[in-house]
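Here is a short briefing for a reader new to this structure. Look at the model first, then read on.

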Amino acid sequence: MDGGAFSLREVLAAFQTCVTEEREVLLGPYLRGWRGLVRFLNGLGAIFSFISKDAVAKIQIMESYCGGERREEYRTLQSMVRYELSGGLVDLQRRSAHPDSGCRTVLRLHRALRWLQLFLEGLRTARQDASTSAICTDSYNASLAAYHPWVVRKAATVAFCALPSRDAFLEVMNVGGPDEAVEMLGDALPHIRDVYGITQELYAQHHLLDLP
């Protein structure tokens, strides 16, 4: 699932193929992109384990849907939302009969993707001597923090203080030096932003952004 070294190229390739001509999000490439992002998180050490472990669990749930008897319903994000909502398979008010619905599971990945998108964008545009802990904290506060209890938020912000330098982060991308990593982030992030935007709009349209 999350073995092997991180490669930014793999993540770029996955998210490049995510969106169809009809502007639907293919779940197969989406999950492949997320597997790559998990390798990135794991390469940074235990600091991010509270996010990467949860992401791995969510990816595995979605892979079981995508490979199950109703796999055609889970080919795209849009077909999944139509199928689960029309079949009453989403807990809209409180978690009860369908705590691991595809809609709820993807929402958790979607929120974490926003944090990673903001963090990677911050790394890409920051000065060489910029504080990665500040970039990470700002990105976290603008995305995931709202959905985490105080204890997790506190532990996260303390952990972020131990983050390595910007150049060390860019080396983890495994695409050459910092300049090459910045260039490839510039190629990858628009595709990640596009997938995030389509998902956000779809979930807002169906009132799914606040699933319990």
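In which helix do D54 and K58 both lie, and how many residues apart are they? Both lie in helix α3 (residues 49-66), four residues apart, about one turn of the helix. Keep in mind that this is a predicted model.

**The α3 pair**
- The side chains of D54 and K58 form a salt bridge, 2.9 Å from N to O.
- D54 has 36% relative accessibility, so it counts as partly exposed.
- K58 has a relative accessible area of 12%, which means it is buried.
- An α-helix has 3.6 residues a turn, so residues three or four places apart point the same way.

**Other salt bridges**
- The whole structure holds nine salt bridges.
- One of them joins D194 to R23, at 2.6 Å from N to O.
- That pair links distant parts of the chain, 171 residues apart. D194 sits in helix α9 (residues 178-205), and R23 in the loop between α1 (8-16) and α2 (27-43).
- D194 is partly exposed at 27% relative accessible area, and R23 is partly exposed at 43%.
- R127 and D129 also meet in a salt bridge, at 3.0 Å from N to O. R127 and D129 are both exposed.

**Helix α5**
- Helix α5 covers residues 102-125. Its 24 residues should span 34 Å at 1.5 Å a residue, and its end C-alpha atoms are 34 Å apart, so the two agree.
- Of those 24 residues, 20 are buried, so α5 is largely enclosed by the rest of the structure.

**The nonpolar core**
- The largest nonpolar core has 65 residues. F15, Y30, W34, M80, W115, M173 and Y203 touch the most other members.
- Leaving aside residues up to four places away in sequence, W115 touches L41, F48, I51, C136, S139, Y140, S143 and L144.

Terms used. Residues numbered from 1 in each chain as written. Predicted model: local features only at pLDDT ≥ 70, side-chain atom pairs only at ≥ 80, totals over all residues. Heavy atoms only, no water. Core = buried A, V, L, I, M, F, W, Y, C linked by side-chain atoms within 4.5 Å. Buried < 20%, exposed > 50% of the residue type's maximum accessible area, 1.4 Å probe, protein only. Contact = heavy atoms within 4.5 Å. Helix = DSSP H or I, 4+ residues; strand = E, 2+ residues; numbered from the N terminus. Expected span 1.5 Å × (residues − 1). Salt bridge = Lys/Arg side-chain N within 4 Å of Asp/Glu carboxyl O.
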